[in-house]
Amino acid sequence: MSASDRFIVAVVIAVFRGGRVLAMRRAADKDAGAGAWEALSGRVVAGEAPLAAALREAREECGLEVTIDPRPIASYQAKRNRDDMIVVVYRASSETGDIVMSAEHDAFSFMTPDEFAAACPFPQLVEAVRLAAAPASAGRPCLEIVYCTQCRWLLRAAWMAQEILTTFEGDLGGVALTPGAGGVFEVRIGADTIWSRQTRGRFPEIKELKQLVRDRVAPGRALGHSDSR
């Protein structure tokens, strides 16, 4: 095969958690795209189906077991250095679990689609991530609780998540628990932070948290004793 006949098949996995996509920064020593922010991605090896490659890359590049929609949401032609490349894009979700990076990347962040668009230098990938985000935004919103693992606030976060789901199970698409550090305790709906311990100086009472969630996802609903002072 001549150099002009070569082409690469790759997959992109847009992994969402609480309305945000997992962005990975390529390590500085990589031969292509060094230092660039991208979504989870990798090559399809000979004899491998793209969906199988997406599952494998998720495990290898970030350590997550993800749930992938088996239907690709987009595909596009690109270049990897001088080689032509066909990219198949999948949407995935992973509501729990810690990121374990490989040598391919040196940083990660869960970004809103707009934040990803500002950070990623690849326009086709940015558009694919926006397409991947559309089903989530068109359906029920997701709530995310970011808690400090150093402070051992997982049980508090899990209890609040259970209370919120019990009250709003028909109004929310899901509740994600996201590990953080540095004393963080934030409650988000999509890209909006509705409670920050750093800003407020305390944890929310469960009734006031339910009121904040109600005002976003089910305006006008009575919450019984949670509406009382």
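A charge sits over a ring if NZ of Lys or CZ of Arg is within 6 Å of the ring centre and within 35 degrees of the ring normal. Arg 197 meets this criterion over the face of Phe 203, at 4.9 Å from the ring centre, and Arg 156 lies over the face of Phe 203 at 3.7 Å. The model is predicted: local features need pLDDT of at least 70, side-chain atom pairs count only at pLDDT 80 or more, and totals for chains, interfaces and linings use all residues. Residues are numbered from 1 along each chain as its sequence is written, and side-chain values use heavy atoms, with hydrogens and water left out.

**Aromatic pairs**

- The structure holds three aromatic pairs (ring centres of Phe, Tyr or the six-membered ring of Trp within 6.5 Å; planes under 30 degrees apart are stacked, over 60 edge-to-face, the rest tilted).
- Trp 153 and Phe 185 form an edge-to-face pair, with centres 6.2 Å apart and planes at 75 degrees.
- Phe 185 and Phe 203 are also edge-to-face, with centres 5.0 Å apart and planes at 85 degrees.
- Ring pairs link Trp 153, Phe 185 and Phe 203 into a cluster.

**Accessibility**

- Trp 153 is buried at a relative accessible area of 13% (buried means under 20%, exposed over 50%, partly exposed in between; 1.4 Å probe, protein chains only).
- Phe 185 is buried, with a value of 1%, and Phe 203 is buried too.
- Gly 220, by contrast, is exposed, with a relative accessible area of 78%.

**Separation**

- Gly 220 and Ile 13 lie 207 residues apart in sequence and 38 Å apart in space, C-alpha to C-alpha.
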